[in-house]
Amino acid sequence: KIYLVEGSSRTSIFISQLYTNNHQNFATQTMAPKPGLLVGSAAWEVIQERQASGTPIPTFACCNQAELLSAIEAAGQLPGGVGAIRVGQECAKGFAQHRKKEPESSDEAESPHWPILGAVAIAQLTKILAPAHGACILLKTYTEATSPEFLEGILEMEQEQRAQSGDALFSAHAISLQRTKLMSPDQKQAALKSCERLAQIAAGLFMPFEVLAFADTEDEVKALASAQGMGRLIPSLPQQRVFELRLPPGHPSNDKMIKVAVFSSKSYDQEWLDKMSVAQGGLVQFVHHDVPLSDSTVALATGCYGVCIFVNDDCSGDVLHSLHDLGVQVIALRCAGFNNVDLVTAQELGIKVCRVPAYSPEAVAEHAVALMLSLNRKIPQAWLRTRSGNFSLAGQLGFDMIGKKVGIIGTGQIGMLTAKILKRGFECDVMAYDVHENPAVQGLGIPYKTLDEIMTTCDIISLHVPLLPPTKHLVNRERVDKMKKGVMIINTSRGGLVDTRALIYGLKKNIIGAAGLDVYEEESNYFFNDLSGQVIGDDIFSRLLSFANVTLTPHQAFFTKEALDEISKTTVDNILGIKQTGSPPHHRGTLPTLVEPPADAGQRKLCRQNSGGRGASKLHNAELKEIDINPSIAVGEALHADSTSVANPSFAEGAQKVTMFSAKVYDQEFFQEGLLAMGTAPMYFEYHKISLNITTATLAAGSYAVCVFVNDVVNTEVVQKLHELGVKVIALRCAGFNNVDLATAMELGLRVCRVPAYSPDAIAEHAAALILGLNRKLPQVWQRSRTGNFSLVGQLGFDMKGKRVGIIGTGKIGYLTARILKRGFECDVVAYDPYRNPLVEKPEPEGLGIPYMELDEIYQTADIVSLHLPLLPQTKHLINKDSVDKMKPGVMIINTSRGGLIDTRALLGGLKSRKIGSAGLGVFERGGAH
């Protein structure tokens, strides 16, 4: 196998190292060294490094075609060695003569790509190499100066060479656009056209294989991806993008490759599996198919050692027999569940079945909590409403999570982690149910209760059990009727746990207040696909999607970077383990990955329904009564909403008038309830939707007090006007008071009062909701699912565990936010505040054990920055261009305090440059206008 690595760019240096390292790996594993050949000035640098380290490699220098031919022949005769050839610029002239075009200048002749193209011009190259070594791979680097005509000529000549060499020559092209920022718009457009033209030509000439290429810019990636057959993206370098190379089937170089057909493969599967294969020696060759495995697609596994499948692929008996006939020996599940595999038939046929028993339980637990917070705070609706200019809070009312009763059904690893986040982070009143009690859950101080008690008393019910005969339709019509009114249902385990008709019934009757679902009973027909151009034929599913209080994510809970890395690594390890030793290794040395049926083959039916599921709870031993459901529930029944009107309170004689400005429906509802609770109220409210300013102040005539909110204007003029009208008190129904001229109020004898702490938990929980909603992209998926798009492309998140979060401002709200993230999600939390909070830095359990550090260090190291400071002259525009420039690339910014803490222009600049990856804002600098 001959490797020709040519070019002088940093990309070529990396590739020469990659190929020579792989060469050594192959030699170690197979005990048979493979010859290789490095050509080009960049390769020369690598050779010099190796010689300096005491690893001599035969080298050959040449300055013309004749010397090059001699050098190639000499290198090709080395017995199992590696030869290096440095090509001089004279070869460029040889290429120019071949194309009957002289270089226009000496600079052109000396440009990096000329020596490479000179080597390509020698037709005898492959005649010498092919018989001895079987294949020649030419890697070429072009610049933006390369014209389409020039590239076309190169490729035409290569086509001639391939014909002469019996298809032994394979080419991979790297296009470098590193200097595009210095180009004029016309030059850049011409360069992109060159890329597109190359892609078109290469796609036409080299369809038998996939192309290896490198990219330094997004424009280049788009240009390369525009052609069919150009390969798949592997972002294996921090600043470069690499496409993988495949030799055509049947090529001698593929003899030792383990070929595996990947079904239901998406772009992210291709990226992570292929990257992991290369990282582990490149012995596994994945062939990707975007269609699911079934009777009609099983032929795509022809010639493969194994198949790699996902949750909705069909591995029933008939499909397994077909796979066996094709010679398939391994079924590698890139998931934990295996209910879609007939394990008994697989064992009878001698097909090994392996899985990924645990990838990221944190990802699923965090997603369950993300669904709760998103539903509670109605994050998707707010996201959509603000984009249409609707900044009203009407219909957005949530509740504090602290103290709410949450039932965790199933306390395996994921159920336990979900319980821990809610108990330690949010201080919910958590209770659990499982046939086998988990000591880790008991260690959190969480009691186990009966299933009936959880179903009838909890505000939130979260399901974390596998799908088994006793757990099918665990949530059914009978249990829904017993549930607490307004209960929230969360299911991130298996769709069959919930009877969808019963769920719809509960939603329509307002028994179920909200539902967060990452799974659906019939999801295999829809999930992971973009069906936005099709009609959803499932009326039940369509009805479910019509509820505004339902968030449905398409089996997305596992979908984090950490999980994909774990899945791809375990999958490659499983395949290599079975191939090399007959059995896959245990996951992380502890959990078995090999899946076998029960000893009693007569349990085939149970086995087919069995699933490791998310969390691997042991609830399958439970004796649960099957409940008959009423299948005649009409999907189109009307909703019945309860009245929310409040009775009028009675007033004491001489009750004082209070004029409320910026009043909303919910203000009137709750204040009237408060007056009613007083019995005989000493005051009455006059409600006005408009805000207080110098023009509207006259509405307060005859009032003892005015009640104002954050965006009412209570400046010097307004305070003086209120004083003239006889107002004695300015009552703020918020904590902040930066909108009030306190000095003038004091001079005139007006009392100013506020609500210093109403629900700091609400704001801390909202900050957490923004973080999780942005991370798991819940607003986007809420909208996409309603248009029939159930693809996961673009939805990748990250595990919260271990991420560094900087809390700026550690008052009550900052402290609570830090507690949620530290104790609940196990984030690496750090803090800044001029006035340190002892409860923050004291070691646990008295405090949170969070270190304080300087602002610059937080900016430079934090993955998430959350602001919890008051707006003062010294904190105005705390986030500005300078601070953004210092931040870690991709940082998430959260602000639930005051809009003026952030210079919005600096925020926009950071978002446009991608320095800031995302921003969650509960406030805006000029929010009062909106």
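## Surroundings of a loop leucine

In this predicted model, Leu878 touches Ile808, Leu855, Tyr859, Leu867, Leu869, Ser883 and Leu901, not counting residues up to four places away in sequence, where contact means heavy atoms within 4.5 Å. Leu878 sits in the loop between strand 28 (864-867) and helix 32 (881-886), and Leu878 is buried, with a relative accessible area of 16%.

Residues are numbered from 1 along each chain as its sequence is written. Local features need pLDDT of at least 70 and side-chain atom pairs count only at pLDDT 80 or more, whereas totals for chains, interfaces and linings use all residues, and side-chain values use heavy atoms, with hydrogens and water left out.

## Packing of two helices

The axes of helix 14 (residues 361-377) and helix 27 (residues 760-775) come within 9 Å and cross at roughly 120 degrees. The contact is made by Glu366, Val369, Ala370, Leu373 and Arg377 of helix 14, together with Ala762, Glu765, His766, Ala768, Ala769 and Leu772 of helix 27. By class, this contact has 7 nonpolar, 1 polar and 3 charged residues.

How values were computed
Axes are lines fitted to C-alpha atoms, for helices over the stretch in contact, and angles run from 0 to 180 degrees between N-to-C directions. Helices (H or I, at least four residues) and strands (E, at least two) are DSSP runs, numbered from the N terminus. Ala, Val, Leu, Ile, Met, Phe, Trp, Tyr, Cys and Pro count as nonpolar, Asp, Glu, Lys and Arg as charged, and the others, Gly among them, as polar. Buried means under 20% relative accessible area, exposed over 50%, partly exposed in between (1.4 Å probe, protein chains only).
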